[in-house]
Structure formats: C-alpha cells, structure tokens
Protein chains: 2
Amino acid sequence: MKLRELGEFGLIDLFRKKFPAKGKRIVLGLGDDCAVLKSSPKNLLLFTTDSLMEKVHFDLSYFSCEDAGIKAMAANISDIAVMGGLPLAAVVSLGLPKKMEVLDTLNLYSGMDKMAKRFGFTIVGGDIFLSDKVVISVALLGEVEPKFLKKRSGAKIGDSICVTGDLGESQAGLELLQSYAKHLDDKKDKSAFGRTFNKEVFGKHLRPVPRLNESRELVRKLKINSMIDISDGLLGDLYHILEESKVGARLFEDKIPISKKVLKLSLFLKQKPLDYALYSGEEYELLFTMSNKAEALRRLKAKVSVIGEITDKVLRMEIVGKNKKVRVLGKRGWVHF
Amino acid sequence: MKLRELGEFGLIDLFRKKFPAKGKRIVLGLGDDCAVLKSSPKNLLLFTTDSLMEKVHFDLSYFSCEDAGIKAMAANISDIAVMGGLPLAAVVSLGLPKKMEVLDTLNLYSGMDKMAKRFGFTIVGGDIFLSDKVVISVALLGEVEPKFLKKRSGAKIGDSICVTGDLGESQAGLELLQSYAKHLDDKKDKSAFGRTFNKEVFGKHLRPVPRLNESRELVRKLKINSMIDISDGLLGDLYHILEESKVGARLFEDKIPISKKVLKLSLFLKQKPLDYALYSGEEYELLFTMSNKAEALRRLKAKVSVIGEITDKVLRMEIVGKNKKVRVLGKRGWVHF
C-alpha cells in the first residue's frame, strides 16, 4: 500500500500501535501535542538534533529503509555519548514521499526504534510531512551526571589523544557501495563485485554503532578532558577540539588504528589506507584527550588507541610519519555546501 | 553571498556569533555535540517536534524567510502551550539549498530566534544539511508543573467546549496569498489586488502567535479537563479530543467566533465564513473543555468563547444551526498525503 492511500493520520496510528512509547520515565508518549517525561533532579539535560536527507546522507539504491532509520538514530545517540551521558527519549520528524510504500515507512521507523531500544530509550513523539525525498530529523534528549559531562573544550597541553575502535571503514564502505550501485546496472560485473566484497564490509557505513557503552566506561575510569565523535573525519573533528580548547595536536602515524578491512581493500580503493583513517567521516568513534598515561587503557573493555598528544601550537595539526619526519596536516573533512 | 561560498561550518559560525545561546538554565549552548541544560526537579518535561517544508507548508513566493522561521517556531511553542507548560530550549535542523542567499538563511534563523526570545527561551543547538527545498525541523523542550499539565484526553460529559480568539483567518489568508501569488505574474491585476487587501489580512497565516500567555492564564484560573491547539482545523482537532477522551461534541453555530476579516472578505472568498471557522488549520488557537460555567471566563484577560458542550455520543460531532436544526459534522481538516 502506498502512503497516499493510508494518509497521514493512518500512518501515525500505525506507528503508535506498532511502536508504543512506554518507559518508567514516560508520563505520556505518542498521541498528544507533546510527550511528557519525568525529569531527574541530579542530572543535567543533554539536547541534540541530527538529520539525514536522501541523496545527501544516504542513497536508497544501497541503503535499506531500516539502515537509514538505524543510521539517523545512531548519529544522535553518538552526540549524547560524547558528552558522557545517556539518552532519555527521542522525537522524530519524517519527510516522506506520498508514493512511498507503507511497509518501507514501517521499516524506517523500526530501524530507529531498534536502535532506541538497544540503547535503553524510546521514541516518544514525532511529526510527518510530505517531501519529494525522505528526510529523517531526530531530536534526542539525554542526561548526564555533572561529574561525567565532557565537552570539546578542556583539552590540556600534554594530554594523550585517544580514539576508540578502528578507522576508515565508513568512507571506504561508502566508496564501495557507490561503485556497487553503478555495477548494479551492469549484470556481468555485479556478480564479480558481489563475490569480491561481502556485505560485512559496508556495515559501518550502513549501520554504525554509537560508542555509548564505551563512553560510559571511559568517563567512569579515565580523566577525560575533552571528547567528540568522529562524524566529519578524525582530523576535522580533532580540529574542533583544538579550536574549542585553543591548543594544537601531534599525531603518530604508526599509532593510528586503521581498519584491517580497509588495509585489505586498499589496492581496490586506489587511495592510501592512512587517508581513510584520517579523513573518513561518519565513523562515530570517540575521539578524546586524557591526562592518564597509556597504562590506564589496559584495564578497559573498550578498544582504545593513543594516537598522539596535545601541544601548545594553537590550531596546528602535525603528524610524525613512520620515517620520523613531521608533516603539517589540513583539516579536510566532510563538507556539506 | 550564496551558501555554497560560505560553507556549512562558516554558516554555523555565523549563526553562533549572531544568535548566541545564553540563559540561566543553559550550561552549554551552540558549538558542542549537545546543548547542556539544568533540569528542574519539580517540573515534568515536555518534548515535541514540528517541521515546515517549502512548497508543502509555505511558499517563498509570498512567505519571507523570516516568516517561515517565525511560523516553524510558533507551531512548536503552540504544542508546549496546549500542554499547559512553558518552553525551555529548542534545537533546529535546517535543510538549505546551496544556492540560497546567506542573508536569507540569517533571516530565517532570525525569525526563529525572535519567536524564541519573545516567549522566553533560546535556540541551543542545531544541524544544517543540503536540501533542494528549505526544510525547518524544530524540536522544542518545555516544562510544566504537574498540576497544570493538560492532555487531549480528559474531556468529561457536560464540559463546556471553548476556543480562544477568532477563527478562519489562516485558511482565508492562505487562499488570498495563493491568489496574490498568481496576480504577481499579472501586473495589471497586482495593484488592484494590493489596494483591496492590505498585508494585515495575511498576518495569521504568515506569522501566527502561539497562545502561550493565554494558556498559562487559563490553566491557572480554570478547571480545564482537556486541551489541544487548532492546527488541523477546529473540527479536526476537536475530533482528536473526542477520540482520546471517548466522548462526543455538540457545537452551537451562533457561538463560533468567526474573524471579522473573514466575514468582510467572504464575498471575495466565495466560501461560507462558517466553513473557514470550522475547517481552517494552522490557527494555533487553543481549543479546550472545562468544568467551569461560562461566567468564569469574564475575569480573564484572554478572549475565550464557549462554543459547545461535550456529550455522551462517542465520536459524534453535531452542530446546532442558527435555525435550531441539528446537523452531524465530518472531521475534514488538513491532510498531508
């Protein structure tokens, strides 16, 4: 059934029945003009929004509607994670084409709902409007204990610069997917392409996992002075920390954790693996600076690498190569306009 | 200057400088991954989102960018008002075309900012993305004292049905504006049209005023059992109250407050003035039911009319005409798909 047959209110009713908003902090969920939530006296509120637009952030020729929903919610959860907090409730504004299949809209909502449930919260309200392209705007409310609040500002000279996980897969995955989408029109190449790259390679681009559990472990166990998530690329986001903290950074090439998948694909990708690690956006890994020594990382469950140190050279980013030569880096990252 | 010349981060910097987020409840405003706010232990949180899409909700041939910003924020404030609460902070997600003038984006943001300031809160965060058409997604956080919380459910048999202000101008204004937009291509007619209708007539459609102050007065002084704002039309929104409260409604034609402007324009508009009052959406007037008698309205500052009563005939809406005949009404309102 197409959306124009079901109508706006029909779809809202369907979402409400399939995905009821229940939780101990929810006084009133979907179905009124606002959701009503219990506040928590000890905590600070965190408030963020992030949107995905079809053909800009995702392409439905290789994203499923569920992928798009998952990714939109993941980006917002990641914003709460980097502040050191926990998500509480989301509202979603969906722009949907009238010829869209109702089943696809349910899959999209289901993707958002799954991510919310996985990370312990609920979608409590929303708005639906007509749009030529799919637009997913999520606003997420979270909470943080004042002692755990982390910001972009606060990096100190001498801090270790750290990153969770391995880098480069999101951009490499995107390039493979774009190449795959082209090959879809070309049946001969399609099967060769399919044999070469299994779906797992694209996982981080299609369905990123926000580092919420890792963040909570880190803020409890380390002395973190600044934190951000990698959405614009390692260098782009490191630059945000440098701007807000008025410091510089020195990275060590041999310490940067490049994804093994990216290393393996580097011949096909025709770019240096290091460039993927430095510039790949939408990684949703945590980038932070800490006063602790590297030994403090040993007892962590989360995978964390020390990749550099904070310097007093304001806004200067440099990298010490494997050959010990120092190069100055630009902040090139993902730019929308 | 066009947006593509300034870039995404340039625009964010510009917004941040021109519209800083400050307030006693704001720990951290624009410029980090989340805004950070102080919560209030005694109050419940209200959380809502509402989006406007170019060519669906507004047309830039007769909306200024500032109008669009004002209207997007007004719709969200209205949602907080009907719950009996006060707004606390907003985040905005803006989809903007890359060929848009930077000045226009500033006017759009300024419209939202003006409304926020007028109603005592601040925009604390946002997201900007590339879009063919302008998309304005606002998410608004508010608070309400538990004793003042109002819902759609709760209407009781025998309640008086009340509405603030006068009805019909938003839809009448829209039709005039659409006619005006056509005349813009026709220079001869344009001046005749301009002489006939001054801009004030369109005010409610372009720059609606949410009834926040009125709502706060009403929840303090009256025994309100249910409340909603008129965004889908008087009958469409009344129907939402009936659904949630499982009751019926009887309206009295001679009690419905039709805008004088609509009465005056009715010949030109070629529709019955009453139909504008019953079906005009985006009025943002408050529609509520109360246990009080009509006398209780006399001491109010807000203009409120008793227009009917709640009945035990579940989901039935009827109207008693000026001729005392009873007609059953449909819920026809604004439908998106």
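Predicted model: local features only at pLDDT ≥ 70, side-chain atom pairs only at ≥ 80, totals over all residues.
Seven strands of chain A make up an open sheet with mixed pairing, in the order β8-β10-β7-β11-β9-β12-β13. The edges are taken by β8 (224-229) and β13 (326-328) of chain A; each has a single partner strand, so one side of each is left without a neighbour in the sheet. On average, neighbouring strands of this sheet are turned by 25° against each other, direction ignored.

One pairing can be followed at residue level. Strand β7 (residues 160-164) of chain A pairs with strand β10 (residues 286-290) of chain A in the antiparallel sense, over four bridges. Ile161(A) stands opposite Thr289(A) of β10(A). In general, the strands of a sheet pair through backbone hydrogen bonds, either parallel or antiparallel.

Two helices of chain A lie across strands of this chain. Helix α3 (residues 65-82) of chain A lies across β8 and β10 of chain A, and runs at about 175° to β8(A). Helix α9 (residues 234-245) of chain A lies across β7, β8, β9 (248-252), β10, β11 (304-311) and β12 (317-320) of chain A. The direction of α9(A) is at about 140° to β8(A).

**Salt bridges**

Side chains of opposite charge can pair when their charged atoms come close. Over all chains, the structure holds 50 salt bridges.

| Pair | N to O distance |
|---|---|
| Lys117(A) and Asp113(A) | 2.7 Å |
| Glu169(A) and Lys261(A) | 3.7 Å |
| Glu318(A) and Arg316(A) | 2.7 Å |

Lys117(A) and Asp113(A) are separated by about one helical turn, because they are four residues apart in helix α4 (residues 102-118) of chain A. Lys117(A) is exposed at 52% relative accessibility, whereas Asp113(A) is buried at 8%.

The salt bridge between Glu169(A) and Lys261(A) joins two helices: Glu169(A) lies in helix α5 (residues 169-184) of chain A and Lys261(A) in helix α10 (residues 260-269) of chain A, so the pair ties together parts that are 92 residues apart in sequence. Glu169(A) is buried, with 14% relative accessibility, and Lys261(A) is partly exposed, with 25%.

In the pair formed by Glu318(A) and Arg316(A), Glu318(A) is buried at a relative accessible area of 4%, while Arg316(A) is partly exposed at 35%.

Salt bridges also link Lys204(A), Arg211(A), Glu214(A), Glu283(A) and Glu285(A) in a network.

**Cysteines**

A disulfide is a covalent bond between the sulfur atoms of two cysteines. With a cut-off of 2.5 Å between cysteine sulfur atoms, the count over all chains is zero disulfides. Cys34(A) is buried, with a relative accessible area of 2%. Cys65(B) is also buried, at 12% relative accessibility.

**A buried alanine in chain B**

Ala74(B) belongs to helix α3 (residues 65-82) of chain B. With 0% relative accessibility, Ala74(B) counts as buried. What does Ala74(B) contact, leaving aside its neighbours within four places in sequence? The contacts are with Met115(B), Pro208(B) and Pro210(B). Ala74(B) and Met112(B) are 38 residues apart along the chain, and their C-alpha atoms are separated by 8.3 Å.

Technical notes:
Residues numbered from 1 in each chain as written. Chains lettered and ligands numbered in written order. Heavy atoms only, no water. Buried < 20%, exposed > 50% of the residue type's maximum accessible area, 1.4 Å probe, protein only. Contact = heavy atoms within 4.5 Å. Pairing = 2+ DSSP bridges. Axes fitted to C-alpha atoms, helices over the stretch in contact; angles between N-to-C directions. Salt bridge = Lys/Arg side-chain N within 4 Å of Asp/Glu carboxyl O.
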